[in-house]
Structures are given as C-alpha cells and as structure tokens.
Amino acid sequence: MISTPRDVAVSPDTVAPAAALGRATIAKVAWRLLPFLLLLYIIAWIDRVNVGIAALTMNADIGLTDRSFSFGATLFFIAYAICEVPSNVVLAKVGARRWIARIMVTWGILSVAMLFVRGPVSFGVLRFLLGAAEAGFLPGIIYYLGHWFPSSERARAVSWFMLGIPLSGFVGNPLGGAILELNGVLGLTGWQWLFLLEGIPAVLLGFVVLFFLTDTPEEARWLSSEQRDWLSRTMHAEHAAAVQRHRIDLKSALLHPTVLVLCLILFACQLCSYGLQLWIPQIVKSMTGLSNFQTGLVAAIPYAAAAVGMVLIGRSSDRTGERLLHVAIPSAIAGFAFAASAFLVSPVLGIVALSLAAVGDIGTRGPFWALPTRFLTGSAAAGGIALINAMASLGGFVGPNVVGWVRAATGGFAGGLIFLGVMMLVGAAATLLLRNAPALAEK
C-alpha cells in the first residue's frame with residue numbers, strides 16, 4: 001500500500017537519506033491527496049449510478065420500461081465520451097484545481113435536477129447533460145496523479161483513488177435503499193429524495209476543491225522545501241525521460257496503436273462495470289425478492305469484495321513492477337464468474353459469483369491506469385488518457401443497454417450476464433496483445 005508515516009521511520013544506517021526523503025514525501029502526498037480524491041470519486045460514482053437504485057420505484061412512477069430506462073440512463077455516457085477529450089485538454093491548460101471544482105459544481109446541480117424528471121424524455125435529457133458536466137473528471141484525476149506520484153508508486157495511488165468505484169456501490173446501494181424509505185416525506189417520493197440528498201455533496205465539495213487541492217508540487221506549501229524540491233526533480237526527470245524515449249505529441253497519442261488497444265481493454269471493463277452496477281439492484285431483487293432496503297444491502301456485497309481486491313491487486317502490481325498480467329488475469333476471472341452467475345439459481349452462489357466478477361473487473365483499474373503514463377506526458381498524456389476513458393465510457397452505454405434489451409426479450413438476466421462475461425474475456429485477450437508493445441517497455 002502507499003507508504004504511511006510509520007513506514008517512514010527507518011534507520012539512517014540502513015536507508016540512504018535520499019530514499020528516506022522520498023518515502024517521507026510520498027507518504028505525506030498520499031495522506032494529503034488520496035483520501036480527499038477518494039471521497040470525490042465516491043460522490044461521482046454514486047451520482048452517476050444512483051439511477052439503478054432509484055429505478056426500483058422511479059420507473060413505475062414516471063412510466064419507464066426496461067428499454068427506456070437503460071437507454072435514458074446510458075445517454076450519460078454518450079455525452080461523457082463527446083466531451084471527455086476537450087475537457088481534459090482544458091484541465092491541462094487551466095489547472096486541475098479550478099477545472100475539477102467546475103466539474104463538481106455543475107454535475108451536482110444537474111444531479112439534484114433529476115428529481116424533476118417526469119418521463120422518458122426529461123429523464124434522457126438530464127442524464128445526457130449530467131454526462132457532459134462530469135466529463136473529464138476521471139481522466140483529469142489520473143493526469144493529476146501523474147504529477148504527484150512516481151511511476152513505481154502509481155498503481156497503488158490509482159487503486160486507492162479508484163476505490164471509489166466499489167465503495168460507491170458498497171455505500172450507495174444501502175444508502176439509496178434507506179433513502180427510498182423517505183417516500184412521501186414533504187411531498188417528495190423516495191427516489192426524488194435520493195437525487196436531492198446525493199447531489200448536494202458534489203456542489204459543496206466543488207467549492208472545497210478550490211481551497212484544498214494544489215495544482216503542482218512546486219506550489220505545495222504543505223510540503224517542506226526539501227520535499228518540494230525532491231518531488232519536483234523526480235517528476236520532471238520522469239516526464240523528461242518519457243518524452244526523450246517516446247517523443248509522442250498530442251496528435252500522435254490520439255492515433256497511437258497502444259493507446260487504441262488500451263481503449264479496447266477499458267471499453268470491455270467499463271462495459272461490464274456499468275452493465276452490473278446499473279442493474280445489480282434489480283438483479284438482486286429478482287434473485288431474492290427482498291425489500292428495497294435489504295436489496296441495497298445485498299447489492300453492496302460484491303463491491304465490498306471488489307474494494308479489497310482492488311487494493312491487493314494494485315499493491316501486487318507495484319511490488320512486482322508487472323502491469324499487464326495484473327490486468328489480464330483478473331479480467332479472465334471476471335469473465336468466467338459473470339458467465340457462471342447466469343447459471344446459478346441459488347441466491348448465495350449467485351452473489352458469490354457476482355462478487356468474483358466485481359473483484360476481477362474493478363481490480364484491474366490500478367495496474368491499467370499505470371500504463372498510459374509510462375509513455376505519455378504533458379498534453380499527450382491529457383489527451384491520450386481522456387481518449388481512453390472516452391472510448392471506455394461508450395462501454396457504459398453498451399453494457400447496460402444490452403442487459404436491458406436481453407431482459408426485455410427473455411424476461412431474465414442470464415443472457416446479459418453471459419454477454420458481460422464474454423466481453424471481459426475479450427479484454428483479457430487484448431491485454432495480452434500488449435506484452436511486446438515497445439511503448440510499454442520500461443527501457
């Protein structure tokens with residue numbers, strides 16, 4: 001895991017002063033940035049996928065069918081993909097602090113506005129606008145972390161930040177189920193309370209970002225001058241080495257073969273993540289027949305498992321320095337687990353299979369996001385990372401829609417889960433194609 005203050009208390013007799021300084025600096029950066037960024041990402045994921053819990057009662061209230069729900073919900077990802085690259089290029093120019101604050105305030109306002117939806121059209125329009133508002137948040141943070149954590153620490157740093165994915169499911173599903181019980185309070189339905197109470201924190205935290213985040217190590221007054229100098233030198237040296245080794249500009253990054261394969265890999269992973277996360281409340285409900293609150297609790301189990309798996313996989317990847325197998329093997333496990341869940345009639349075994357699928361799918365993110373910054377820097381990194389995430393966000397459109405369409409056609413989720421499993425195996429195979437890619441060679 002990321003170094004902690006206790007880890008830093010090493011003997012000067014056994015550790016060179018420069019190494020001790022580096023460990024102390026990274027530990028301080030980790031404690032300062034990662035918990036706050038994790039909180040932001042939890043809020044982001046809750047706001048983008050809380051429609052899954054809301055659908056338990058909202059769909060009937062406003063006349064959404066399975067198909068109109070999945071189509072409207074996933075319009076978020078179309079807007080996200082369109083706006084992703086421009087948003088991240090702007091972030092690289094104006095600084096992460098101001099642009100991330102803007103993103104959060106606008107998406108929070110639109111998330112709250114979801115309580116006013118009255119039918120398929122207003123539902124789809126607001127989901128589209130929400131995607132446009134949030135575009136650039138994830139790749140912006142990945143780009144930002146690339147300026148604060150050396151490559152040897154990056155997979156763990158990204159894994160800790162991206163714990164927001166499983167933790168949003170672990171926290172958001174039970175919380176959403178509980179909020180639905182407010183149905184009728186002050187004349188609002190439970191799902192209206194859900195959008196209201198889960199949208200407000202994004203607006204408030206957007207203003208906190210302006211005062212809390214620091215754009216570059218050189219501006220970090222919360223580090224000592226010695227620590228600032230060490231981190232600045234280290235990061236500038238890494239970026240300069242990457243530029244010298246690969247010489248990739250923004251245009252080249254958007255057309256680079258390795259970037260395009262990375263787009264395919266994350267497309268498959270995100271397709272499955274959203275295919276599960278937007279439908280898991282209804283999958284669990286159909287498997288168990290539990291109440292809304294109980295459904296939320298059970299739906300949180302796969303994400304609790306995924307949170308543990310993500311940290312362990314990221315730690316293993318940084319310890320060994322290996323990235324690709326740490327993506328390919330978990331992806332393959334997820335593929336078989338998704339397929340198995342389609343044939344398990346026992347709710348207990350079904351939840352176990354979905355938990356393995358979530359661990360394998362979500363656990364890939366730390367090692368995966370350590371790959372682009374190995375050969376992309378500056379505007380090329382901002383644009384390349386944004387393109388990868390933009391293409392992946394289209395998976396968020398495809399996955400939930402296919403699950404919804406298959407359910408509408410067959411009356412069940414089995415066919416959709418098999419499709420998710422196949423796509424994870426495609427992602428695993430694509431990852432293995434990169435094992436000899438020159439861009440990913442360290443030297």
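Q: In which helix is V298 found?
A: This is a predicted model, where local features need pLDDT of at least 70, side-chain atom pairs count only at pLDDT 80 or more, and totals for chains, interfaces and linings use all residues. Residues are numbered from 1 along each chain as its sequence is written, and side-chain values use heavy atoms, leaving out hydrogens and water. Helices here are DSSP runs of H or I with at least four residues, and strands are runs of E with at least two, numbered from the N terminus. On that basis, V298 is found in helix α15.

Q: Is V298 buried or exposed?
A: Buried means under 20% relative accessible area, exposed means over 50%, and partly exposed lies in between (1.4 Å probe, protein chains only). The relative accessible area of V298 is 19%, so V298 is buried.

Q: Which residues is V298 in contact with, leaving aside its neighbours within four places in sequence?
A: Contact means heavy atoms within 4.5 Å. With those sequence neighbours left aside, the contacts of V298 are V284, L290 and I351.

Q: How are α9 and α15 oriented to each other?
A: Axes are lines fitted to C-alpha atoms, for helices over the stretch in contact, and angles run from 0 to 180 degrees between N-to-C directions. The axes of α9 (residues 164-180) and α15 (residues 292-299) come within 7 Å and cross at roughly 175°. Angles under 35 degrees count as roughly parallel, over 145 as roughly antiparallel, 65 to 115 as roughly perpendicular and the rest as oblique. Therefore α9 and α15 are roughly antiparallel.

Q: Which residues in α15 meet α9?
A: From α9, the residues taking part are N173, P174, G177, A178 and L180. Their partners in α15 are N292, F293, G296, L297 and A299.

Q: How many disulfides are there?
A: A disulfide is counted as a pair of cysteine sulfur atoms within 2.5 Å. The sulfur of C83 lies 17 Å from the closest cysteine sulfur, in C263, which is too far for a bond. C263 is in no disulfide either, with the nearest cysteine sulfur, that of C269, 13 Å away. The count of disulfides is zero.

Q: Which residues of α7 are buried?
A: Helix α7 (residues 137-145) is mostly covered, with nine of its nine residues buried. They are F137, L138, P139, G140, I141, I142, Y143, Y144 and L145.

Q: Which residues does M162 touch, not counting residues up to four places away in sequence?
A: M162 is one of the core residues that touch the most other members. Beyond its sequence neighbours, M162 touches Y41, L138, I142, M310, R365 and W369.

Q: What is the relative accessible area of H326?
A: H326 is found in helix α17 (residues 324-341). H326 is buried, with a relative accessible area of 14%.

Q: What is the phi of L186?
A: L186 is found in the loop between α9 and α10 (190-212), and L186 is exposed, with a relative accessible area of 74%. The phi of L186 is a positive value in a residue other than glycine, near 55°.

Notes. Core = buried A, V, L, I, M, F, W, Y, C linked by side-chain atoms within 4.5 Å.
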